[in-house]
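Please view the sequence and the structure together.

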Amino acid sequence: MAGIPFFVEGTTMNHVIVGAGPAGVIASETLSRMGHGGRITVLSDEPEPPYSRMAIPYLLAENIDEEGTCLRHTDGHYDGLGITVKHDSVTAIDAAAKSLSLASGVSLAFDRLLLATGAHPIRPPIPGMDLEKVMSCWTLADARRIMEHAKPGDNVVLMGAGFIGCIILEALVARQVNLTVIEMADRMVARMMDRTGGDMIAAWCREKGVDVHVSTRVNGVSRNSDGSLTLDLEGKAPVSADLVVCATGVASNTGFLEGSGIETDIGVMVDEHLETSVPGIYAAGDVAAGFDFMTGGHDVHAIQPTASEHGRIAALNMAGNRTAYRGSLVMNTLNTLGLISTSYGLWDGVEGGDVATAADARAYRYLRLNFRDDVLVGCLALGLTQHVGVLRGLIQTKTPLGKWKDVLMADPHQIMSAYLATAQDASRRAA
Amino acid sequence: MQKSLLIDPDKCTSCLQCEMACSFEHEGSFNPARSRIKIFEFEHGKRAVPYTCTQCAEAWCVHACPVEALVRNPVTGAVEVKDDVCVGCKVCTIACPFGTVNYNPDTGKVIKCDLCHGDPKCAEACPTDAIVYVDSSWTGLDRMRRWAGHVDTNQSAKA
């Protein structure tokens, strides 16, 4: 059979990967490159070539075209690696028979299965969420609809100012709409920023002309006779809009696993080998509740680095190369109209741990370091763009900072010096 | 034979010629703030450490990129940023545990050391040989690699 360069004689292992996002694609590439290919099939339930949802805001802002959202750019990339990308979706899974039922009516057998089905946007249970001009921003199809409807000067309400909401916020402002943001939590990006940082981001957005309402609940959306929408707000005057973009959270795509025997919670439960409760079936990325590096517990980290690491390590295990994963470190970075924010790990601190902060609200600068003893366990930064990654380095290596912790307590901005000093000391010890 | 930057902080006098040369090569102006190599001073200037990407094998940045904008140059071994593909999401800047990929707000793209496509200007500009461009097999590189290996966070054990 052409197109399978790494076919190993004597094996006809069927590797099936459900989902063509970063986790699925990286897993398929890893399998292929390991030379344990057998057959590698990636199922995508969208018509486009595998693409990155993360790139969608940049498409909305018209910085890139649809081609620019592709995960891979080389012609024949998947064929060349012996990977078949099949546009179909799974309706049911028979774990015992090792068979998938597909929407097209056929069934697909597997020996090793990877669930990389990602997540889907969820909307609050309030009236009007099914109206035509209430849109999610998740898929390329969603992006096309928003681009068609969000014209310069339109009144657009963005519901939700979490991470995804804030990334869309930037894109909507680039489309020159009149933007109102409504967030239920007491601050913007509540899951990656404390009150100090969240308030600074809100103040920054307001300064840039975006009407931001936090601690505000939408009771319902209704359609007026002229086609416009009215949002009924709890305790506040109603807001009218030509378009509502809903970014009120996502949930893992686990629905099709009901009755399969695969254990799910907030996502598909996986062990340190990314294997589910059913041997031979693995999960990776936004659908997987894997180990959290900091807490040791299970969590869904719906971020690109986790998807990438999950995909690679799941594939190693699927191919029989038993590899344990230490767990994912939660990390995010966001550009909100030019203000860069970053968070890592236990950004809200730990009980009994020291916290070093440096805040300058006028300059929109903020740095918060959280320690357990003399080890950095989490941090927040606003306005930091240089050498940010060393924060990951320090957290993930659990480097004891020793006397450098005192330096950082006095001045958190000394982080790069602390990193170089402690990392170099470590390297000298190793030498 | 692939070559690598070998950095000896003990020889660095903090003259910043490397930062000048780097920014001029990449940005067309002498702007150390946009240099891909940076000098960090310790003990009130008594010690200086030139610091840049080691083009590590793990390539955290490459794996973290959602759009394949970071690609290893097979000739030089350097991981290069494809400016026309980079969307500016900055995930590589937080994924790299060495902090050697930086966001450039002026262009909305990330920047990192690309070894000047095999002719690194920092090494050429360094008057004291604190930065030299040598065969990758040179033994002094082991120490730098161990430093890199110290931050290998992906795998804990192979059974």
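## Model and domains

The model is predicted. Chain A is split into domain 1 (14-120 + 251-318), domain 2 (134-248) and domain 3 (338-430). Between the C-alpha centres of domain 2 of chain A and domain 3 of chain A the distance is 32 Å.

## Contact between domains 2 and 3 of chain A

In chain A, 14 residues of domain 2 are in contact with 17 residues of domain 3. About 1200 Å² is buried between domain 2 and domain 3 of chain A, and carbon and sulfur atoms give 69% of this area.

One salt bridge is counted between these two domains of chain A. A salt bridge joins the side chains of Arg368(A) and Asp194(A), with an N to O distance of 3.0 Å. Four residue pairs, both residues at pLDDT 80 or more, are in polar contact between domain 2 and domain 3 of chain A. On the side of domain 2 of chain A that touches domain 3, helix H6 (residues 195-207) of chain A supplies the largest share, seven residues. That side of domain 2 of chain A consists of seven nonpolar, two polar and five charged residues.

## Helix H1 of chain B

Helix H1 (residues 17-27) of chain B has Cys18(B), Glu19(B), Ala21(B), Cys22(B) and Ser23(B) buried. The cover over the buried residues of H1(B) includes strand S2 (38-42), helix H4 (121-125) and strand S8 (131-135) of chain B.

Key
Residues numbered from 1 in each chain as written. Chains lettered and ligands numbered in written order. Predicted model: local features only at pLDDT ≥ 70, side-chain atom pairs only at ≥ 80, totals over all residues. Heavy atoms only, no water. Domains from an automatic or database assignment. Contact = heavy atoms within 4.5 Å. Buried area = accessible area lost by both parts, 1.4 Å probe. Salt bridge = Lys/Arg side-chain N within 4 Å of Asp/Glu carboxyl O. Polar contact = N/O pair within 3.5 Å; in protein donor to acceptor, adjacent residues only side chain to side chain. Helix = DSSP H or I, 4+ residues; strand = E, 2+ residues; numbered from the N terminus. Nonpolar A, V, L, I, M, F, W, Y, C, P; charged D, E, K, R; others polar. Buried < 20%, exposed > 50% of the residue type's maximum accessible area, 1.4 Å probe, protein only.
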